[in-house]
Amino acid sequence: MTFRPCSWPTPVQPLEYVNITCPHCGACNDTEVDLSTLPASYVEDCQTCCAPIMMSATMDPDTGSLLIHTCREND
Ligand SMILES: [Zn+2]
């Protein structure tokens, strides 16, 4: 049995890690976005104040970069 650590195929995981700022308390939150399901919207609970953060993720068709918009749930 031969162990070949470098030959293992790397699975494609279209996850982008992003930092979002809590619209309630201003704390930074780390979260991840599944690029295969864009556009998508999520509700993330703030890791600091536990308030719900509405978060929408889209891909900019011109630049191909990820756009994140956050707002309060009631806005
Ligand atoms: Zn917060």
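Select Ile-20, Cys-22, Val-33, Ile-53, Met-55 and Ala-57: these six residues form the largest nonpolar core of this predicted model. Strand 4 is the greatest contributor to this core, supplying three residues. In soluble globular proteins, nonpolar side chains tend to be buried together.

Beyond the neighbours within four places in sequence, Cys-22 touches Ala-27, Asn-29, Cys-46, Thr-48, Cys-49, Ala-51 and Ile-53.

Next, switch to a cartoon view of the whole chain. The secondary structure consists of five strands and zero helices, so that the order of elements from the N terminus reads β-β-β-β-β. Colour the chain by burial: 8% of its 75 residues are buried.

The peptide bond to inspect is the one from Leu-38 to Pro-39, which is cis, with omega near -5°. Most peptide bonds are trans, and most residues other than glycine have a negative phi.

Select Cys-50, in the loop between strand 3 and strand 4 (52-59). Its phi is near 65°, a positive value in a residue other than glycine. Is Cys-50 buried or exposed? Cys-50 counts as exposed because 10 C-beta neighbours lie inside 10 Å, and a residue with 12 or fewer is classed as exposed.

Finally, go to strand 5 (residues 66-72) and select Arg-72, which lies in that strand. Arg-72 has 12 other C-beta atoms within 10 Å and is therefore exposed, since the exposed class extends to 12 or fewer. Which residues does Arg-72 contact, leaving aside its neighbours within four places in sequence? The contacts of Arg-72 under that condition are Pro-23, His-24 and Met-54. To end the tour, draw a distance between the C-alpha atoms of Arg-72 and His-24: these residues are 48 apart in sequence and 7.0 Å apart in space.

Conventions: Residues numbered from 1 in each chain as written. Predicted model: local features only at pLDDT ≥ 70, side-chain atom pairs only at ≥ 80, totals over all residues. Helix = DSSP H or I, 4+ residues; strand = E, 2+ residues; numbered from the N terminus. Buried ≥ 20, exposed ≤ 12 C-beta atoms within 10 Å, placed from the backbone. Contact = placed C-beta atoms within 7 Å. Core = buried A, V, L, I, M, F, W, Y, C linked by C-beta atoms within 7 Å.
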